[in-house]
Amino acid sequence: MSVPDYMQCAEDHQTLLVVVQPIGIVPEESFFRIYKRISAVSQVNVRDSQRVLYIRYRHHYPPENNEWGDFQTHRKVVGLITITDCSSAKDWPQTFEKFHLQKEMYGSTLYDSRLFVFGLQGEIAEQPRTDVAFYPSYDECETVEKRIEDFIESLFIVLESKRLDRATDKSGDKIPLLCVPFEKKDFVGLDTDSRHYKKRCQGRMRKHVGDLCLQAGMLQDSLVHYHMAVELLRSVNDFLWLGAALEGLCSASVIYHYPGGTGGKVGSRRAQGGSLSAEAGNRHRPGAQEVLIDPGALTSNGINADTSAEIGRAKNCLSPEDIIDKYKEAISYYGKYKNAGVIELEACVKAVRVLAIQKRSMEASEFLQNAVYINLRQLSEEEKIQRYSILSELYERIGFHRKSAFFKRIAAMQCAAPSIPEPGWRACYKLLLETLPGYSLSLDPKDFSKEKKDVTQSLESYTAKCPGTMEFITLPDGLKLPPVPFTKLPIVRSVKLLNLPTSLRPHKMKSLLGQNVSTKSPFIYSPIIAHSRGEERNKKIDFQWVQGDVCEVQLMVYNPMPFELRVENMGLLTTGVEFESLPAALSLPAESGLYPVTLVGVPQTTGQITVNGYHTSVFGVFSDCLLDNLPGVKTNGCTVEVIPALPRLQISTSLPRSAHTLQPSSGDEISTNVSVQLYNGETQQLVIKLENIGTEPLEKLEVTAKTVNTKEKLYGDFLSWKLEDTLSQFPLKPGKIATFTVNIKVKLDFSCQENLLQDLSDDGISVSGLPLSSPFRQVVKPRVETKPINPQESSKVGDFSHVKTLEAILNFKYSGGPGHVEGYYRNLSLGLHVEVEPSVFFTRVSTLPATSTRQCHLLLDVFNSTEHELTISARNNEDLILHAGECQRMATQVDKFNFESFPESPTDGTQFANAKQLEEERQQAKGLEINSKLDICWKIPSLKREGEASVEGVLNQLVLEHLQLAPLQWDILVDGKLCDCDIVVNCKVGDPIPLEVKLTNWSKHSVGPFALTVTPYQDYQNGVHNYELQDAITFVGSNTFYIDSVKPTKDSVYFGALLFLYTGDFYLNIKFHEDNCSRELPLSWFCLPSVHIRAMEPMVQTKL
């Protein structure tokens, strides 16, 4: 049995158990309305008899409890009443089938069953049936009670037949052995012919017949059978069933002595036992009843139908005192079986209800205490609430109000347990309110007593004459009176040792094994260590204090007095190391609630220090309050390690303090925040003064920087420094100052954003499609009146002077003195807030080819976004003046770049992220190299400020291709002279001129073979080219050159010759033959320099 019934009482043993359940979908309100009418028929007088049947109804009963029906017959479901809704005849077969399925659940024990059908009318409803009753509706069912009485009479018929059948069993020695569910496996293989086995069968059957007699209203017969069962079962040590027989004997006696019942229900039960009623005057006289059973009444099989002789000669009803003794004995037998926990628990509850009527509270509390410690299966939250509520109710009945309140409070807390998905706060609150009377608590403010101030004034006057100290007082007879500290003035709720400020906390340098490796135990988990963690006051805290530094302990105190409380000379009591306590004085308001108080002190030596308590002076009484004597004080541990002294570093800067407080994601605390305003591209020095304000020399210093809280892309080093200059001033003695210089260089993206382009377009300015011959020179007037007032709108379209923010943290890791020897250091952080205003923007970038194949023109449209006149210049260029809001085009001639040395992008598409990252790195490296060659700088003369302008984020892929030197380098030499740009090679008519074509392969792959043809022509400077020069120029050999394959980093030279027949300016047009090799390569790889040859008349030497 797994589900206890906490409402069980002794008189339930004479009841028949009937289960009332719905079938299908039945409205809850309708079901319980019919259930209430059915359960009202709880007592029925048997026809032609003085006996009364008692019925116990349940709408839910666990089937596993029904298996204990042979052990105690009142646990057996003997009747089943089902209620269902059925509105149509076609649903009737299915409904009736469900009724049969419901009967099969309790089929082994049912005596009879009924089905009440509501809503079905017609031919089926008119058919007479004994087991089914039809009603038109829940309102038209006047005969329900009558049908229930008939149903109970049918149960009585079956019960009576079973009682007579068992009581008149003439089957000789073949009495079946009744068993509880867990016993069946234990009796397999037993000798069924032994005398011990037969007596066990006889005793159990006699007890079973006693149960049937009690249910059938034959109280006298049941007493006789219980007594005989006790004797039989005791002789064979059948303790479980012996306990059941004793409990049955107690139940029958309780029914006789207390006709009104013990369950506390309204109304009284009818008196039973006609022949015993004459002796009512002797019921409660101790020792008035004796058990006198004639052994001759027992037949060979232990069952005798005629018990009139025993009834006549014995007064078998137990006295009230004997009832409790038998209950104790029965419960002790139940306790021998762990599977009988529910039976034992319910027996305790029944005994308590009897003792409550007898006014024997102390004995009742013993039974309840036993019930508390009975182990059952894992109970659900609802079952726990029910159990504690019933225990509270029973303690209330025996007058244990405080104990009742205790269990009611547990039930209330269970209503809001963390494991409950939807806590029952309303029920919790209701139960907690009901606990207040049990704890003698009142919510009426008039019931609270307050201390009088004159009492404390009298105490102060006494201590002024004789101060109260913590010394023992020795009486004349030698008796020593110990001091009594004021631990309640004020009340201390918690003691918490505080860590040092973030900038002063010591950190341990990581060892080879790691910082967090513990060598105390080789095990990952040890239950011994886990158990020791419960000793909070002895627990070591995971941070350290530093020798010579001020340390703090926070106390949460409470003033319970109705007036202001002055506490003087309040300090710490410590052991372990030498500690200088710095006392404090405080004044607590009347009934202040929890109030934080911080006590400070300075450890003078190293080691482990333990805070044992505190000392106070209140009303002139000095008190030493030890934490061990304050059990209600919460603490995070009172033992902390004091490490050797470390230097203390204080920093000051040349920049003003910032109103912006940095909030790093790591949770580090910033000691100082400074801010600066710079233009994009500007550089400024930050001078930091490092002052050693401690008592130990500063020997080691490491500086690191971290950019935080920014999404802006930075080009170049944001922060840079040279630590060697500062370290040359170390070791830094106490009181000395060293300087440390940091270069702040802000170089964000100089490309023009979309919002700026929109503004320029709104002002009628075009930023694209302008020819080089007409320079772009327009002025954008600042539109101050259109700027939004709300700073949050500053990033909207139309605001091209948006100020961007950069934030960084400079971390100073320093150490020195004895702490450095032990491997400790400190961290100090400086927050840097930089507001970056835009200086210049590059609104457009493009290229134009130069006369040389190894050069090109870079065109930059520069926009001055400041409110001041600005000059901008590039290497080898003149300064360009830009007024406020003005945009101009700047052209500079640059040599093309060889980008082949940069890493190539991977062709494998499986690693997309790596490929993208590598391509970004290549782009950044190309931009950095181009920017370094351009060396673009800007100046604002009126502010005497200057900086750089970077094109790293401006150059697109097309521009980069135009700036890139072709991997195939073509050199053409005429008469030994390199032809390029505007170079003109002079030659003489009639002399052969050598022509060389040199190919250098700077790519990573072999190229070729190629074929190219040289065609001369004349340019008439009017757009007409003359290629018909067969009579003016001839080739010595072929005019077609064939170039074999050229490996990477190799070159190949091919020779030819030209012969000019006439004078003039000639040009060479070199064309490549279209074949597979040339088609696979970009056209930009075949850019050959222009060749200009001037043929002149030969010099005629005049002979003298």
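A quick definition before the notes: two strands count as paired if DSSP finds at least two bridges between them. With that in hand, here are some points on this predicted model.

1. Let me start with the hairpin. Strands S32 and S33 form a hairpin with six residues between them. In its turn, asparagine 876 has a positive phi of about 65°. S32 covers residues 870-873 and S33 covers residues 880-882; the two run antiparallel and are joined by three bridges.

2. Lysine 944 sits in the loop between S35 and strand S36 (945-948). Its phi is near 55°, a positive value in a residue other than glycine. Buried or exposed, where does lysine 944 fall? Exposed means over 50% relative accessible area, and lysine 944 counts as exposed because its relative accessibility is 78%.

3. Serine 440 lies in the loop between helix H15 (425-435) and helix H16 (453-465). With a relative accessible area of 67%, serine 440 is exposed. For background, most residues other than glycine have a negative phi, and most peptide bonds are trans.

4. On the subject of peptide bonds, two cis cases deserve a check in your viewer. Leucine 489 and proline 490 are joined by a cis peptide bond, with omega about -5°. Proline 490 is placed in the loop between strand S8 (480-481) and strand S9 (491-497). The other case runs from phenylalanine 730 to proline 731, where the bond is cis with omega near -5°. Proline 731 belongs to the loop between helix H18 (723-727) and strand S26 (737-745).

5. S9 also takes part in an open sheet. Five strands form this sheet in the order S14-S16-S12-S9-S19, and the pairing is mixed. Its edge strands, S14 (579-582) and S19 (634-635), each pair on one side only. S14 runs antiparallel to S16 (residues 595-603), with four bridges joining them. Across that pair, serine 581 stands opposite glycine 601 in S16.

6. How much of strand S29 is buried? The count is 11 of the 14 residues in S29 (residues 824-837), so the strand is largely enclosed by the rest of the structure. S28 (residues 804-815) runs antiparallel to S29 and is joined to it by 11 bridges, with glutamate 807 opposite histidine 833. S22 (residues 672-679) pairs with S29 in the parallel sense over eight bridges, and asparagine 673 stands opposite glycine 831. S10 (residues 506-508) pairs with S29 in the antiparallel sense over three bridges, and there lysine 508 has tyrosine 824 as its bridge partner.

7. Now to the helices. Two packed helices are described by the angle between their axes and the distance between the axes. Helix H7 (residues 219-235) packs against helix H8 (residues 239-257) at about 155°, with the axes 9 Å apart. Angles over 145 degrees count as roughly antiparallel, and H7 and H8 are therefore roughly antiparallel to each other. H7 passes H8 in a left-handed crossing. Among the residues that meet are Leu223, Tyr226 and Val230 in H7, and Leu242, Ala245 and Leu249 in H8. By class, this contact has 13 nonpolar, four polar and one charged residues.

8. Finally, helix H10 (residues 320-334) packs against helix H11 (residues 341-358) at an angle of about 165°, with axes 10 Å apart. That makes H10 roughly antiparallel to H11. The crossing of H10 past H11 is left-handed. The contact includes Ile323, Tyr327 and Ile331 from H10, and Ala347, Ala351 and Val354 from H11. Its residues divide into 12 nonpolar, one polar and two charged.

Notes: Residues are numbered from 1 along each chain as its sequence is written. This is a predicted model: local features need pLDDT of at least 70, side-chain atom pairs count only at pLDDT 80 or more; totals for chains, interfaces and linings use all residues. Side-chain values use heavy atoms; hydrogens and water are left out. Axes are lines fitted to C-alpha atoms, for helices over the stretch in contact, and angles run from 0 to 180 degrees between N-to-C directions. Angles under 35 degrees count as roughly parallel, over 145 as roughly antiparallel, 65 to 115 as roughly perpendicular and the rest as oblique. A crossing is left-handed if the near helix is turned anticlockwise from the far one by less than a right angle, and right-handed if clockwise. Contact means heavy atoms within 4.5 Å. Ala, Val, Leu, Ile, Met, Phe, Trp, Tyr, Cys and Pro count as nonpolar, Asp, Glu, Lys and Arg as charged, and the others, Gly among them, as polar. Buried means under 20% relative accessible area, exposed over 50%, partly exposed in between (1.4 Å probe, protein chains only).
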